[in-house]
Amino acid sequence: MSTRDLIMMAVRNLWKRKLRTFLTILGVVIGTTSIVVMISIGIGMNESFQKQVEEWGSLQVIDVYSNNGDMYISSDSNANKGKLQKKAVLDAAAIDKFKQMEYVEAVSPIVRESMMLVCGKYVSNASFIGIDPGAMEALGYKVEEGRTLTAEDKEGIIIGRSVITSFYNPKLSWQMQMQTEPPEINVMEEKVIMTYDWNYGTKHADKSIKPIKTPVLGIMPDGGGNGYNVVMPLKQMEKIQKDREAWQKKQNNSGSASQKKKGQYEQVAVKVSDLNKVQEVQQLIKDMGYQASSLTDQLNTMKETTKMLRIVLGAIGAVSLIVAAIGITNTMVMAIYERTREIGIMKVIGASLRDIKLLFLTEAAFIGFAGGVLGIITSFLMSLIVNLVATKQASEMTSSIPVWLYLSAVAFATVIGVLSGYLPAKRAMKLSALTAIKTE
């Protein structure tokens with residue numbers, strides 16, 4: 001029997017019993033819809049978590065810190081357990097080691113200072129970050145206007161949007177500032193200077209501190225915390241720190257803008273090229289004696305928190321599909337009882353046992369396939385409803401159905417159909433031709 005004849009006969013047999021076929025397919029539709037929607041909610045929650053964490057910064061960036069002196073090493077090696085290691089220093093040699101590591105795309109020291117931006121009569125407090133200008137884009141800093149820093153930039157700043165909206169007139173009282181509309185300032189065109197004199201613009205300003213002129217190259221959007229930051233080249237930041245330390249010494253100030261030794265850094269950012277390798281690279285850095293953390297740690301914690309919920313959702317969908325499989329088996333068994341004489345005639349006229357087996361398996365597979373196709377269409381509609389409700393309620397329980405889940409659902413439903421029809425098909429093969437023909 002050709003494949004075409006086999007398919008045509010299977011479809012014709014199912015069509016003869018339209019109501020039973022419809023109800024069986026409906027069971028598969030419900031089962032497929034249940035498992036796809038339940039799995040999609042788990043996927044949607046993970047994607048929602050990832051988008052939320054990505055707003056805080058890049059998932060592929062590892063923040064590395066030096067340890068606080070002697071500490072127990074993090075390696076699990078029995079030979080090293082209980083041994084103390086020397087302080088791991090973040091210096092040029094350490095940065096070179098990080099750059100040579102596999103999957104590492106970019107490395108940059110991170111130097112932070114708090115200063116003020118001045119534009120005309122307005123000032124704004126900001127957190128300044130000095131980085132390797134060539135690594136800015138790789139480290140996930142984005143701009144909505146202008147451009148990012150490049151390796152050629154020796155000076156220039158990228159200002160966060162929230163810093164711009166925080167400008168105020170220092171000569172006005174707090175009550176007056178609350179009653180005054182925020183000034184409209186175009187930092188890309190107007191003159192902007194920096195200063196570490198917190199009294200700038202008031203009668204208590206220190207005349208010995210010279211304001212630092214600098215061009216504004218770009219503006220960072222709000223979100224991820226960068227809206228409140230100002231980014232500049234590392235060399236420019238180090239020069240400002242040096243001048244500030246010299247000024248503090250003149251003021252007999254025991255404090256210092258930077259307590260670290262020369263050539264050492266408190267923090268280094270390491271960009272990993274592959275998101276799936278972040279944890280691996282992070283562990284290697286920890287084994288070197290440094291403290292290391294990344295946003296993937298928080299993402300994994302969030303996923304682990306909802307892991308049980310996702311398992312329960314998947315189990316509920318699986319139960320629905322198992323019920324549908326029982327329905328297919330029942331349908332095929334009933335078909336054998338009703339078509340016993342037909343099976344006997346097929347054997348008498350020369351149909352092989354393989355052809356009879358394939359006929360029933362094809363019918364079961366068609367039920368599974370049809371149910372799977374209709375199931376993914378229903379799943380798509382259900383997913384839209386879930387997302388609509390989640391949007392209105394500001395819930396993180398959203399639904400996301402990737403293409404692979406659609407294809408897997410159809411394939412899985414078809415396989416379930418074939419497996420459900422296997423035992424009935426074996427039963428049909430074992431029927432005696434003579435007994436089958438005598439049966440009315």
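**Figure 1. Contact of helices α2 and α8.** N46, F49, Q50, Q52 and V53 of α2 meet L295, L299, M302 and K303 of α8. Sorted by class, the contact of α2 with α8 holds five nonpolar, three polar and one charged residues. The model shown here and in the other views is predicted. Helix α2 covers residues 18–54 and helix α8 covers residues 295–305; their axes lie 10 Å apart, at an angle of about 150°. Angles over 145 degrees count as roughly antiparallel, and α2 and α8 are therefore roughly antiparallel to each other. The crossing of α2 past α8 is right-handed.

Figure 2. T296 is placed in helix α8. Is T296 buried or exposed? T296 has a relative accessibility of 6%. Buried means under 20% relative accessible area, so T296 counts as buried. With neighbours within four places in sequence left aside, T296 is in contact with L59, L275, V278, Q279 and Q282.

**Figure 3. Crossing of helices α2 and α11.** Helix α11 is formed by residues 353–392, and its axis comes within 7 Å of the axis of α2, with a crossing at roughly 45°. An angle under 35 degrees would count as roughly parallel, and 65 to 115 as roughly perpendicular; α2 and α11 are therefore oblique to each other. α2 passes α11 in a right-handed crossing. On the α2 side, the contact is made by T24, I25, V28, V29, T32, T33, V36 and V37. On the α11 side, the residues are I367, G368, A370, G371, G372, L374, G375, I376, T378, S379 and M382. By class, the contact of α2 with α11 consists of 10 nonpolar and nine polar residues, with no charged residues.

**Figure 4. Y103 in the loop between α3 and β4.** The loop that holds Y103 runs between α3 (92–100) and β4 (104–119). Y103 is not a glycine, yet has a positive phi of about 75°. The relative accessible area of Y103 is 28%, which makes this residue partly exposed.

**Figure 5. The protein chain as context for the close-up views.** The protein chain contains 13 helices and 13 strands. Of its 440 residues, 43% are buried. Among contacts in the protein chain with a separation of 6 or more, 77% are between residues 24 or more positions apart. The accessible surface of the protein chain is about 24,300 Å², and carbon and sulfur atoms account for 58% of this surface.

Key:
Residues numbered from 1 in each chain as written. Predicted model: local features only at pLDDT ≥ 70, side-chain atom pairs only at ≥ 80, totals over all residues. Heavy atoms only, no water. Axes fitted to C-alpha atoms, helices over the stretch in contact; angles between N-to-C directions. Helix = DSSP H or I, 4+ residues; strand = E, 2+ residues; numbered from the N terminus. Left-handed = near helix turned anticlockwise from the far one by under 90°. Contact = heavy atoms within 4.5 Å. Nonpolar A, V, L, I, M, F, W, Y, C, P; charged D, E, K, R; others polar. Buried < 20%, exposed > 50% of the residue type's maximum accessible area, 1.4 Å probe, protein only. Areas by Shrake-Rupley, 256 points an atom, 1.4 Å probe, with all protein chains shown as cover.
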